[in-house]
Amino acid sequence: MRLPNLDDLTTAGSRLVERAGGVAGRALVESSVRLGVTGLRRAGKTVFTTAVVDNLLRAGRLPFLDVVSTGRLQAARLQPQPDPDVPRFQYEEHLKSLSGPDPRWPEPTRGISQLRLAMRYRSTSALKRVVQPTAILNLDIVDYPGEWLLDLPLLNQSFAEWSALTLELAGRAPRAALSADWRAWLGTVDPAGRAEEELARTGARLFTDYLHACRNADGLSLIQPGRFIEPGDFENAPLLTFCPLPGAPRGRGTLWELLEERYDAYRTVVVRRFFAEHFARLDRQIVLIDVLGALNAGPDAVADMKRSLELSLEPFRHGSSGWLDWLFGTKIDRVLFAATKADHIASSQHPNLRRLLDDLVADARRAVRFEGAQVDTMAIAALKSTETVMAEHEGQQLRCVRGTPVGRDRETVLYPGDIPEMRDVFLRPYQFMPFKPPPDAGADGRGLPHIRLDQALQFLLGDYLA
Amino acid sequence: MTDRPTKDRTWVPPMEIDPAHAAPVPVEEDAPPGSAAERLPALLAEGQRPGIGRWLFGALAALVLVALGFDTADLLQRSFATSLALGTLVAALVGVAGISAVAMLVRELRSLRRLRRIDQLRGEAGALMVTAAQGEGDRFAGALGRLYADRPDLQPALARMKDFVTDAHDDAEVVRLIDREVLSELDRRAYQTVLLAARDTAIVTALSPAAVVDLAVVLWRNLKLVRTVAGLYGARPGYVGSLRLLRRMLANLAVAGVTESAHHVAVEALGGSLVAALSTRVGQGVINGLLTARVGITSMHLCRPVPFGPHNRPSLGKIRGELMSLPKQVL
């Protein structure tokens, strides 16, 4: 078990106070829940968050959300931001780009953003109703990049362990070519040599280039450490100038020691801060995954995704069981893994898509479930941009999707292939096509059309809205 | 990868298709009901073998009918012989009686058919809820819509349900939507009816002067309850239908166990005897009320087109609480 350091103790202390206050206040009038939204490589976080907010505000398309279907939800509205130092999620802007006669997908967001939504509802519990006829739930949606989630396991890895893992991964098939330059350079340096800034900078640059190449390559999702790609405020800071080194730890004054120090600084300043300021305060988490994109890209991409998923489940292993975890771990007790863009395949394929995702997270999930957090999977689409239609092909009736592909003006009908069982995933090719958002989405005032968004919300928030 | 052997010959490669050749997924509203209903005999089957008693009954009924026919013909002849006016009058009476008998028969048959239809729907719903297939859900929704076509009170719920169902929902989801949007309202009303009936029987039994009276009242109230609940769910049973329901219910009361675990039954019995020790009459009232409640809840189970799930089963708990507070009110 990792020993908590002093920093952890102080932040844990302040969190304890906050939580105690929350517990006392919750019984009375308002309660609040923080929902973390993250996703691996272009999984559609922004669209998801926009669709969730829009649908909760209008509540016209959520038959599977109990609080709506039983008529207990009175109203939802946007509230001022609670945290002064976190950017606001630009809901209005994103909604505008998604709806209207000429819709486009919003620009991908970088970094963290947040939005607070207050929901006023009638509680089912008689006791609560006596205190207050209508209860208020403040829903804070925190949207952060999936790479930050993948960074969290670094907290438990030493520089040597991390180096070994990263080097091993970089030597494998799809990445070997991308990392060739950097690994060639590694061959020329001596980790036990004198610590020189120039060496560290060259190594970091080559390593960053490799990570960028991974990101731009089709279908690779495991990118670690995340800030090398999106440095934000840390551009050119020393804590971003390190890279994994082969071999065992070396003595004082060596290159190894310099890079190890920087790795530790990265962990303290970037990862631990994210953990304490944001992640540890989340109550629920949804991880969006573009399974179809990985299938499109081939077996390597799927293997890579499986690894990322296992890594991303790591932080939830501590569940909410022991008191020590309650202090130092997360309090997330429900995690939903959602395969997004389910509208790119015919609706009859959704169960298969979900089963595939189930298989991908199966091993990691078993451990998590055992230790506390409840994990579920779902095939969803935050914005439904196609329709399932039937088409005849050589005497066979095929279930296809109809929509307007990105970059075209006219509708087309696509048969994307069917999703098989995990073991023969790559026996057959796929062709999933990105579609444009439907014109005039949500113009009927009922919220953006979606697939299973309501069931996802019921799983994530249902008990808070009981 | 395309040249790898594929398992089945019907495999189709991914491709684009001319939009002109595509059509929305058809909604087969009037397809013949699948074999799903037969696969799931959720409740006790009744009268599998026509026994000797049935033959006896049938023969006797036929005899009575023949005798009635002869007598009527005789009566007609005699009245016409007496006077034309009397003959016409009697003929008219016979005509009215005959026509209304036929009408009643037709109504009974139709109500029986509705009951069977609901049974069938329940079987289908049960099967749809466990498969993740697609395409049958719309048909089911259509069948249910037709069943409730003459219910103006359900039209808003049905319209809402139609609005919600998209081409992305699979069968189980469609059935769950129907359950939540349309049937939950009916459940609430049916439960209220059962609650009232249970209270009525309890009070009447507690206050009635003679045992015969409360026996009659309990029987009548139970029959009425069964008909009301069945009517709420769209079964509208006639006399024969209600009797049949009641009979099936008695058969199922013990077997289906309503929602009761052994624990609940024990509590119920214990509570009943405790109250009985206080006052025999009131105790009897509570027991009778509970019986009525069980009859009502069983009839909810039997008349609902979609089987109850674990989260929305009606429970005796609330009714029991209500009944247990009765002694205080009455005494």
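Colleague: Why is strand 6 of chain A called mostly covered?

Modeller: Six of its six residues are buried. A strand here is a DSSP run of E with at least two residues, a helix is a run of H or I with at least four, and both are numbered from the N terminus. Do keep in mind that this is a predicted model, where local features need pLDDT of at least 70 and side-chain atom pairs count only at 80 or more, while totals for chains, interfaces and linings use all residues. Residues are numbered from 1 along each chain as its sequence is written, with chains lettered from A and ligands numbered from 1 in the order in which they are written.

Colleague: Which residues of strand 6 of chain A point one way, and which the other?

Modeller: Arg334(A), Leu336(A) and Ala338(A) go one way, Val335(A), Phe337(A) and Ala339(A) go the other, and all are buried.

Colleague: How do you know that strand 6 of chain A pairs with strand 5 and strand 7 of chain A?

Modeller: Two strands pair if DSSP finds at least two bridges between them. Strand 5 and strand 6 of chain A have six bridges in the parallel sense, and strand 6 and strand 7 of chain A also run parallel over six bridges.

Colleague: What makes strand 2 and strand 7 of chain A edge strands?

Modeller: They belong to an open sheet of seven strands in chain A, ordered 2-3-4-1-5-6-7, with mixed pairing. Strand 2 (73–79) and strand 7 (374–379) of chain A each have a single partner strand, so one side of each lacks a neighbour in the sheet. Neighbouring strands of this sheet are turned by 20° against each other on average, direction ignored.

Colleague: And what packs on that sheet?

Modeller: Helix 16 (residues 453–461) of chain A does, touching strands 1, 4, 5, 6 and 7 of chain A. The direction of helix 16 makes about 165° with that of strand 6 of chain A. For such angles, axes are lines fitted to C-alpha atoms, for helices over the stretch in contact, and the values run from 0 to 180 degrees between N-to-C directions.

Colleague: Now chain B. Why are helix 5 and helix 6 of chain B called roughly antiparallel?

Modeller: The axes of helix 5 (residues 155–164) and helix 6 of chain B come within 9 Å and cross at roughly 170°. Angles over 145 degrees count as roughly antiparallel (under 35 is roughly parallel, 65 to 115 roughly perpendicular, the rest oblique). The two helices of chain B are therefore roughly antiparallel. Among the residues making the contact are Leu158(B) and Phe164(B) of helix 5 and Ile178(B) and Val182(B) of helix 6 of chain B.

Colleague: How many residues of each class does that contact have?

Modeller: The contact of helix 5 with helix 6 of chain B has seven nonpolar, no polar and three charged residues. Ala, Val, Leu, Ile, Met, Phe, Trp, Tyr, Cys and Pro count as nonpolar, Asp, Glu, Lys and Arg as charged, and the others, Gly among them, as polar.

Colleague: What is the crossing angle of helix 6 and helix 7 of chain B?

Modeller: Helix 6 and helix 7 (residues 211–232) of chain B cross at roughly 175°, with axes that come within 10 Å. That makes helix 6 roughly antiparallel to helix 7 of chain B. Their contact has 10 nonpolar, four polar and four charged residues.

Colleague: How many residues does each chain give to the contact between chain A and chain B?

Modeller: Chain B gives 28 and chain A gives 32; residues are in contact if their C-beta atoms, placed from the backbone, lie within 7 Å. On the chain B side, strand 1, strand 2 and helix 6 each supply at least two residues. That side divides into 17 nonpolar, five polar and six charged residues.

Colleague: What is the strand order of the open sheet of five strands?

Modeller: The order is 1(B)-10(A)-9(A)-8(A)-2(B), with antiparallel pairing. Strand 1 (15–17) and strand 2 (22–24) of chain B are the edge strands, each pairing on one side only. Three bridges join strand 8 (residues 387–393) of chain A to strand 2 of chain B. Within strand 2 of chain B, Ala23(B) stands opposite Met390(A), and Pro24(B) opposite Val389(A).

How values were computed:
Two residues are in contact if their C-beta atoms, placed from the backbone, lie within 7 Å. A residue is buried if 20 or more other C-beta atoms lie within 10 Å of its own, exposed if 12 or fewer, and partly exposed in between; C-beta atoms are placed from the backbone.
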